[in-house]
Structures are given as structure tokens and as C-alpha cells.
Amino acid sequence: MSLRSSPLGDSHAESGARFTDFGGWEMPVEFDSIRTEHAAVRESAGKFDVSHMGEIVVSGPDATRLMQRLTTNDVVPLDPGEAHYSAITREDGVMLDDTVVYCLPEDTDGDYLFIPNAGHDEQMADRWRDHATQWDLDATVDNRTTEYGLVALQGPDAPDLLAGETDLALSALGRFEIADGTVAGVDALVATTGYTGEAGYELLCPWDDIETVWDALDCQPCGLGARDTLRLEMGFLLSGQDFHPETEPRNPYEAGIDFVVDLDTEFVGRDVLEGVDVEGPEEELVGLSLIDRGIPRADYEVTTPDGEHLGTVTSGTMSPTLGEPIALAYIPTDYTEHGTKVRVVVRDEPKKARIRATPFLDR
Amino acid sequence: MSFDVPDDLRYLDSHEWVRQADGSATIGISDFAQDELGDVVFVELPSEGDDLTAGEDFGVVESIKAVSDIYAPVSGTVTAVNDDLLDQPELLNEDPYGDGWLLELELTDESDLDDLLSPDEYRDQIE
């Protein structure tokens, strides 16, 4: 199967980016160096091409009911222009994906927009349509993944940087909001969301116009490499890696995002999750810091100091901001108290590590 | 992009270099290798007195994004280890042929050097 390309693919190639296959898309992984790009976002600003993320628009009289049935958070309180984080679960409570749900501003073409992760757009659009049919709901589901380009502008300088390029009053936008305006003269939905822990925006623009927006944002271009180190410092989940319906089947309680589960709503997987809510999960995703020298990586084993198996690292790296090796791992809840000493097995060598709270970085 | 390939060194196709001087040799990784890896954040090396065998892996270089084994271009006994890399692994990026050297070896057999790539051969490989 050939890889899908971003509308900015040629532009990235000209600027000398390295590419990687991510979720079936050929995307830039590194423009300059991960460290440089990461520091730009923490200290000033960086821009990311995240056009590989899906865009599904749901509209119609029963749009709210359909969203309510298929996502774990309560969409009813969302007013136009508001957004929240949510999970998409199956009957057994296992997460298929995580997503941000936007209640689109008035006068926008559509009622709700949600952003599934790369490569999940067709599957999720089908899931939404099938369920609409099954429950006889009057809603249309429009997969606009290749109609929108998506650029994330992130970092403490992002507000000032974008202010010079948009007609919107950015200061009127709180976190997790979305407004309809222009950026660099291009129609854009401007959302105050992101995946880095910094202030910033996600800019949805017509596929063919996204290059105008990208070029107008005068800051460090960043690839998926820095996006990964930035999100990991915040303890944010990476779909397909920190949870995956087949290889790492986890519910939102295990993954530490039960704050997006509203058991007072009727969503697919609710009844199983109510049981988890009462009993508590058997395992939980925790943060780890290595005390010994070494870098924890995905699939490395986590054990007790005596070598008893506890779990497996799902994500790990050397934190560029902290200069410390950090990781996420699922651990039995008996061992998840912060400060608990464990081992991470790096190339057959048990390395001392301790359980700690996430985010790793105060923001 | 062009990479520095000094003329006074010999190379292994897995991107290690050797600088020979009177029965001893300094080894490291090439400019191309450090660029491919990206920001180096961790280096694991053998200790003084350890024996290396040509062609076998003897340590690990890790960047933020990847783990990479390093291979011995020649056989020998380790006589010095660049301890500066423990605290400053970024030296591998900044100066791969100088301050970013890895080990010094006492060569077991100088004829090992004949099996390595010349600078021109190595340039052909990475172009």
C-alpha cells in the first residue's frame, strides 16, 4: 500500500526534512534536530505539520446523540466553539482511539468535528456511519481528512506569533476552544488545543491552502520526533503505542484518562467501565524515571528489585528538557505508589528506576 | 548533504573509523553516522583491558530516537576509554573525529586494517 502524503510533503522535502512512515502517512520526523525542535517549542515556538490526523465531521438532528454513544465524555455541555478530550471505546471498554471532540462554531459547515489519530479516519467514519444506521439516528458523517490540512503552532510565543497572522481576537479564546477565522488570509478553524503542554493552536485549513499558512508562521519547523518527546514529557498518550486494541488493549482507567469517562452518559463500553470504576483497574499507566544510566525504550521489561515481572515500557526516551531518562509503563496497582523502586531491563541489565507522577514536567 | 570523511582514517561499512598510530588505534563513529543518529544522548562502552574482535559489536550509541550497536573495525585490547562521553554524549555529534572518539586499542593484528574501507571507498558508500 502506498503511503499517504501531506499537502506540505514537497515543501518539507525541499527544506531537507527526514521522513518516516506514521500511521500509513509519510510525514517529517526531523527538520533540524529533535533537541533543537523540542527546545524551540518549550522556549519560543515551533510549528508541526499534523495533516496525517483525521478530521471527521458529524452533523444532523441526531449528531449529539451519535457522538454521545461513541465517545466516553459528555458532549451535551459543549457549546459551539468548545472542545474536549475524549476516548473511543468498544463494548469491552477497550480504547480504539483517543480524540478531541470540537463542537463547531455557529455558521460552520457541520455540528461536531473529531480528530482521530493517523490512519484511523476511515475506520472511525465507518464506525460512526454503522452505528447511526444501527440505532436509526439521523446524522451524516463526513470524512474530511484529505480536505483539511492541519498545522499545530505550539510554544510560549505562539499567541504573539499567530496574533500577527489572524483576524481573530486570540485573547478571547480559552483553552480547548475553536473559532472560525482566517490565518494568513486563508480560511481557518483556529483551535486552542495541542499535544505539547505549551500554549498554542491547531489550525485547520483547506488542504490546498495549508502551505500559505505554514509559510506565514515564522518559527522552527518541527517533526514527529520532537512531537513525541514533547508529549512524553507531559505523559500524554500515543494511540497505537501506549494503547492499541490488539497489541496493548487498555481501558481509559488503566491508561489514566478516566477523567474523560462520564458514566452518566450511554456510550459503547459504559457498563464494563462502570465495573472498572467500582473495582479499580488491575494495572495502571505510570511514569518512570531511570536512576541508573540508560534509556528506557518501548517493549523493555519492568520488574521488581527482585526481578519479578511487573510490566512493559510502552514509551520511553531521554527527556530533552529534563536531561533525564523517562518512560511510561503499565504496572499492577500494588506497585504504582510514587517513589516505588523498580527495575527496567535494558539489554539484559536491570537498571534502577522509580515510579513517579506524570506529567514529568510542570506546566 | 556532504559529510566529512577525513583522508587519514580507515572505515568500516557500519560507519566506524580507525586512526592508526604505531600499533595502537583510536576508533569512533563517522560524521555520517552521527548525523543519521541525530542527537546522541547515551553511550555504552567497554572498559580498559577488554578485548574486542573485529566485526563484533562492542557497545551502543543511543540518540533520542534510536539505539545503534557499534562494531569493532579491528581486533585489540582497550587501552583508553573516552569517559567524557558519559557526561557529554553530544561530543559525538559535535566532533565525531576529535573529542567524540570512543576508544583506544592496542591492535592484535595490524593486518586487520587492510580489510577496512579507504576514505574514497567509504565516500562512495555514503553518497
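The chat below goes through a predicted model with chains A and B.

Q: OK, chain B then. How many bridges pair β1(B) with β2(B), and in which sense?
A: Strand β1 of chain B, residues 10-11, pairs with strand β2 of chain B, residues 16-21, in the antiparallel sense over 2 bridges. Within that pairing, Tyr11(B) has Trp17(B) in β2(B) as its bridge partner.

Q: Which residue takes a positive phi in that hairpin?
A: That is His15(B), with a phi near 80°, in a hairpin that has 4 residues between β1(B) and β2(B).

Q: What about β2(B) and β3(B), how many bridges there?
A: β2(B) and β3(B), the latter covering residues 24-29, pair over 6 bridges in the antiparallel sense, and Arg19(B) stands opposite Thr26(B) in β3(B). These two strands form a hairpin with 2 residues between them, where Asp22(B) in the turn has a positive phi of about 50°.

Q: Which way does β3(B) run against β9(B)?
A: β3(B) pairs with strand β9 of chain B, residues 103-107, in the antiparallel sense over 4 bridges, and the bridge partner of Ser24(B) in β9(B) is Glu106(B). β9(B) is also joined by 5 bridges to strand β8 of chain B, residues 76-81, and these two run antiparallel.

Q: Switching to the contact between the chains, how many residues does each one give?
A: The contact takes 8 residues from chain B and 12 residues from chain A. On the side of chain B that touches chain A, the residues divide into 4 nonpolar, 1 polar and 3 charged.

Q: Now chain A. What is the strand order in its open sheet?
A: The open sheet has 5 strands in the order β6-β7-β8-β5-β9 of chain A, with antiparallel pairing. Its edge strands are β6 (83-89) and β9 (140-143) of chain A, each of which pairs on one side only. Neighbouring strands of this sheet are turned by 25° against each other on average, with direction ignored.

Q: Can you zoom in on β7(A) and β8(A): how many bridges?
A: Strand β7 of chain A, residues 95-103, and strand β8 of chain A, residues 112-115, pair in the antiparallel sense over 4 bridges, and Tyr102(A) stands opposite Leu113(A) in β8(A).

Q: Which strands does α3(A) touch as it packs on the sheet?
A: Helix α3 of chain A, residues 63-70, touches β5 (56-59), β6, β7 and β8 of chain A, and its direction makes about 130° with that of β5(A). Helix α4 of chain A, residues 121-134, packs on the sheet as well, touching β5, β6, β7 and β9 of chain A, and its direction makes about 170° with that of β9(A).

Q: Last one: at what angle do α2(A) and α7(A) pack?
A: Helix α2 of chain A, residues 34-43, and helix α7 of chain A, residues 224-233, pack at about 55°, with their axes 9 Å apart, which means that α2(A) is oblique to α7(A). Their crossing is right-handed.

Q: Which residues in α2(A) and α7(A) meet?
A: Ile34(A), Glu37(A), His38(A) and Val41(A) in α2(A) meet Gly225(A), Ala226(A), Thr229(A) and Leu230(A) in α7(A). The residues of this contact divide into 4 nonpolar, 3 polar and 1 charged.

Note on methods
Residues are numbered from 1 along each chain as its sequence is written. Chains are lettered from A and ligands numbered from 1 in the order in which they are written. This is a predicted model: local features need pLDDT of at least 70, side-chain atom pairs count only at pLDDT 80 or more; totals for chains, interfaces and linings use all residues. Two strands pair if DSSP finds at least two bridges between them. Two residues are in contact if their C-beta atoms, placed from the backbone, lie within 7 Å. Ala, Val, Leu, Ile, Met, Phe, Trp, Tyr, Cys and Pro count as nonpolar, Asp, Glu, Lys and Arg as charged, and the others, Gly among them, as polar. Axes are lines fitted to C-alpha atoms, for helices over the stretch in contact, and angles run from 0 to 180 degrees between N-to-C directions. Angles under 35 degrees count as roughly parallel, over 145 as roughly antiparallel, 65 to 115 as roughly perpendicular and the rest as oblique. A crossing is left-handed if the near helix is turned anticlockwise from the far one by less than a right angle, and right-handed if clockwise.
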